[in-house]
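Subject: Handing over the two-chain structure

Dear colleague,

Please find below the structure that I promised to pass on to you, followed by an account of what was found in it.

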Amino acid sequence: MATEWLEQLLRQAFPDADELRVDDRTGGGDHFQVTVASPRFDGLPLIDQHRLVNAALAEPLSDGTIHELRIRTKGTA
Amino acid sequence: MSDLQDRIKDVIEKEPVTLFMKGTPQFVMCGNSDRALRALREAGAPVTAVDVLPDPSIRQELQELSGWPTIPQVFVGGELIGGADITQELAETGELEKKLEEKLGTDYKSKAEEKTISVV
């Protein structure tokens, strides 16, 4: 399942995440909402926070697994 | 750099606010593109829209240029702001208006207009 794969990729990229969630928004397995709270985001502009998430999901983004992605990032500070 | 990438770069650098989207402001083809457009409208921004759907290479060349993997993409004064989520979040906190003022001048709302241009 794509949801588990995405979650696994994000856990690898953010092992210290306080909160990490992947929601299949439509149930179709290709529209996702990901939420990540990690100390790595502290002090980073939003665009760089999202770049880190996009980088972690580079493979499913490029191979068509993810048709639509919504990202919510939070620091811990 | 390809001719197409040159044209994309030219648009990003010359237009005050560029929105790469699926569809056009009159006929939006994707929920995220719609969210980004609404956030820009709420902030009173001028919007130059580029539809990426007519040719898949637009998306490829844009991604190569910006390093951003998804559509929509919003540029203000030549700088990548982000996709739908960031644009919406910045609009809600008022930071988008601040960014627009900083890049385009405090009277940017008086020049706000929407247009669509083609790069292919």
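Helix α2 (residues 31-42) of chain B packs against helix α4 (residues 84-93) of chain B at an angle of about 25 degrees, and their axes lie 8 Å apart; helices here are DSSP runs of H or I with at least four residues, strands are runs of E with at least two, and both are numbered from the N terminus. Axes are lines fitted to C-alpha atoms, for helices over the stretch in contact, and angles run from 0 to 180 degrees between N-to-C directions. The angle makes α2(B) roughly parallel to α4(B), given that angles under 35 degrees count as roughly parallel, over 145 as roughly antiparallel, 65 to 115 as roughly perpendicular and the rest as oblique. On the side of α2(B), the residues that make the contact are Asn32(B), Arg35(B), Ala36(B), Ala39(B), Leu40(B) and Glu42(B), while α4(B) contributes Ala84(B), Thr87(B), Gln88(B) and Ala91(B); two residues are in contact if their C-beta atoms, placed from the backbone, lie within 7 Å.

Before going further, please keep in mind that this is a predicted model, in which local features need pLDDT of at least 70 and side-chain atom pairs count only at pLDDT 80 or more, whereas totals for chains, interfaces and linings use all residues. Residues are numbered from 1 along each chain as its sequence is written, and chains are lettered from A and ligands numbered from 1 in the order in which they are written.

Chain B as a whole has five helices and seven strands, which follow one another along the sequence in the pattern α-β-β-β-α-β-α-β-β-α-α-β. For its 120 residues, a compact globule would have a radius of gyration near 14 Å, and the 13 Å of chain B agrees with that; the radius is taken over C-alpha atoms, and the globule rule is 2.2 Å times the number of residues to the power 0.38. Buried residues make up 42% of the 120 residues in chain B, where a residue is buried if 20 or more other C-beta atoms lie within 10 Å of its own, exposed if 12 or fewer, and partly exposed in between, with C-beta atoms placed from the backbone.

Chain B also holds an open sheet of five strands in the order β6-β5-β1-β4-β7, with mixed pairing; two strands pair if DSSP finds at least two bridges between them. Its edge strands are β6 (79-82) and β7 of chain B, each of which pairs on one side only. Strand β1 (residues 17-21) of chain B is joined to strand β5 (residues 73-76) of chain B by four bridges, and these two run antiparallel, with Val76(B) in β5(B) as the bridge partner of Val17(B). With β4(B), in contrast, β1(B) pairs in the parallel sense over four bridges, and there Met21(B) has Asp51(B) as its bridge partner.

Strand β4 (residues 47-51) of chain B is mostly covered, since five of its five residues are buried. Val47(B), Ala49(B) and Asp51(B) point one way from the strand, and Thr48(B) and Val50(B) point the other way. β4(B) also pairs with strand β7 (residues 114-117) of chain B in the parallel sense over four bridges, and Thr48(B) stands opposite Lys115(B) in β7(B).

Turning to chain A, there are three helices and three strands, running α-β-β-α-α-β from the N terminus on. Of the 77 residues of chain A, 22% count as buried, and its radius of gyration of 12 Å agrees with the value near 11 Å that a compact globule of this length would have. The strands form an open sheet in the order β1-β2-β3 of chain A, with mixed pairing. β1(A) and strand β2 (residues 31-37) of chain A run antiparallel and are joined by six bridges, and the bridge partner of Glu19(A) in β2(A) is Ala37(A).

Finally, Pro15(A) is found in the loop between α1 (2-13) and β1 (19-24) of chain A. Pro15(A) is exposed, because 10 other C-beta atoms lie within 10 Å.

With best wishes
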